[in-house]
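Thanks for asking me to look this over. Here are my notes, in numbered points, to read alongside the model.

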Amino acid sequence: MPAKHDTLLILDFGGQYCHLISRRVREQGVYSEIVSPDISPQEIAALNKTFNIKGLILSGGPSSVYAPDAPKLHPQILETNLPILGLCYGHQLLAQLVSGKVEPATCKEYGPVQVTIDKSVGVLKGLNLNEQVWMSHSDIVLVVPSEFETLAHTDNCPVAAFRHKTRPLYGLQWHPEVIHTKNGTQMLQNFIFQVCKAQANWQIDDLILKMITELQTETSGAKAIIGLSGGIDSSVATALAAKALGEKLTAVYVDHGFMREGETEAIRVAFEKFAIQFIVVDAKQRFMNKLCGVTEPEAKRKIMGEEFIRVFEEIAVQSGAEYLIQGTIYPDRIESGFRKNSDIIKSHHNVAGLPEKIKFKKILEPLRDLYKDEVRKIATMLELPKEIVNRQPFPGPGLAVRIIGLLTEEKVQIAKKSDRIVREEIERYNLAENLWQYFSVVTNTQATGVKGDARAYGYVVAVRATESREAMTASFAKLPYEVLERISTRITNEISQVTRVVYDVTHKPPATIEWE
Ligand code: XMP
């Protein structure tokens, strides 16, 4: 392992895909860090003591470069002499910094666009004359100064890509980091390896070591507890924390009563084998009491987030733990709106659902910058049991966010039974491997039916199955009708209170994966 990894800094201008850029760089074996958009040359020099900084990528962002509060680059950023690649907003900002002309586009471009490559050099080396790229912008670069040259254009965008004639400065109006830009990976590789001349000297193993060391440094010999839900994230966080803290760690599984059928037992079996302290807390009644009469999804999430912490605090008093470790991953934080200028989509129980006052010195989140598939990779490397590595993601608040409206004992039972049926049928048809998640939702709608020649009036249960890579976007799965039919027949036959089953055919966006 080299003393310092070759590193690219990603300047975060608030775009949806900022973190994806960082991830794409790491996929190439080169380390990347996300930093503040106005980072100064002095701050970069300071970071250079830890990393071997080889280049900067300016992310996209929602602003117009002319908006009064638009985030700006540090005016002396070009003095670092580091290679720079501006993407979308970053492209416009770089053009503006070097006195190019940026204007609102008369015809905005969103989605897939054909771009004509005028000169396939530098970042665009080896590309075709026409390339499919993915754009999402409302401003365009009209003109670049004479020391720059245009490398690509579209019908609406005269300078879709540019470079400085002698220095390693590039701008692309599109997003090479999203999979819809067909040769996006090649563009990023060109920048990373040809322009920045970085070496692929980082690998995910280094990250494991970094996370373990960080946990040891942060806790410096003190005890900690970890919230273990049995999902992949908290399981991996537990395995890492166990390596870092050994017997100073207590893993706590809170049974809040909204777990899937058989879940508590499955977790007990999987984790009793681990050489850690493992506690199962039966908190069914206290969670139900707190949630009694609550219908609003965000209120449910916040109540559950707080109640989890209160349980953990009580355990901490008994075990003497000063720190709480959580398996929070990056998409949880994005949706909970942790970045300046980003919106709250939903308060994940372990992020925005946390109470303001907590009795822990600090909450530690070793997986905070990772996506689910990276977490799965780490799970495999840590040799976690297959049943944990391959588990479908399950939200911390459990079935409570899959029961719309009031939470009643009757609805919880319907949720548990219908969820089991969906799981059994999907697994029977060997469809699980290609699905991100598959589950049922007990809606708050009732509908008329006919059962055994008599009128029935009961619940409508929705079935949801999605395909996704990292949960930021998802598609509904096109399940065979035969499977849907079996699920529907079994649910209405086996659960007397259900009269109707519907299938959710909405992608994310505009929907989210969970209903609440
Ligand atoms: P959505 O519904 O936002 O979900 O598309 C994205 C992924 O996150 C999971 N999820 C959660 N996980 N605590 C969690 O630990 C939560 O509060 C939470 N809410 C959603 C969801 O199951 C999906 O995989």
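1. A word on terms before we start: a residue is called buried under 20% relative accessible area, exposed over 50%, and partly exposed in between, with a 1.4 Å probe and protein chains only. This is a predicted model, where local features need pLDDT of at least 70 and side-chain atom pairs count only at pLDDT 80 or more, while totals for chains, interfaces and linings use all residues. Residues are numbered from 1 along each chain as its sequence is written, and side-chain values use heavy atoms, with hydrogens and water left out.

2. Most residues other than glycine have a negative phi. Asparagine 81, however, has a positive phi, near 60°, and lysine 197 has one of about 55°. Asparagine 81 sits in the loop between strand E3 (52-58) and strand E4 (84-87); helices (H or I, at least four residues) and strands (E, at least two) are DSSP runs, numbered from the N terminus. With 55% relative accessibility, asparagine 81 is exposed. Lysine 197 lies in the loop between helix H4 (184-195) and H5, and is exposed too, at 56% relative accessible area.

3. On the overall layout, the protein is split into domain 1 (6-195), domain 2 (205-389) and domain 3 (404-503), with bounds from an automatic or database domain assignment. Taken over C-alpha atoms, the centres of domain 1 and domain 3 are 45 Å apart.

4. Next, a helix pair. Helix H5 (residues 204-219) packs with helix H6 (residues 232-245) at an angle of about 60°, their axes 9 Å apart. Axes here are lines fitted to C-alpha atoms, for helices over the stretch in contact, and angles run from 0 to 180 degrees between N-to-C directions. H5 and H6 are therefore oblique to each other: under 35 degrees counts as roughly parallel, over 145 as roughly antiparallel, 65 to 115 as roughly perpendicular, and the rest as oblique. Their crossing is right-handed, that is, the near helix is turned clockwise from the far one by less than a right angle.

5. Who touches whom in that pair? Ile208, Met211, Ile212, Leu215, Gln216 and Thr219 of H5 meet Leu240, Ala241, Lys243, Ala244 and Leu245 of H6, contact meaning heavy atoms within 4.5 Å. By class, the contact of H5 with H6 has eight nonpolar, two polar and one charged residues. Here Ala, Val, Leu, Ile, Met, Phe, Trp, Tyr, Cys and Pro count as nonpolar, Asp, Glu, Lys and Arg as charged, and the others, Gly among them, as polar.

6. Helix H8 (residues 284-291) and helix H9 (residues 297-319) have axes that come within 10 Å and cross at roughly 145°, in a right-handed crossing. The residues of this contact divide into six nonpolar, no polar and six charged.

7. Glutamate 374 belongs to helix H11 (residues 372-381) and counts as buried at 7% relative accessibility. Leaving aside neighbours within four places in sequence, glutamate 374 contacts Arg23, Arg26, Ile204 and Asp369.

8. Finally, tyrosine 438 is in strand E15 (residues 437-451) and is buried, with a relative accessible area of 6%. Beyond neighbours within four places in sequence, the contacts of tyrosine 438 include Gln392, Val422 and Arg464. The C-alpha atoms of tyrosine 438 and aspartate 453, 15 residues apart along the chain, are separated by 32 Å.
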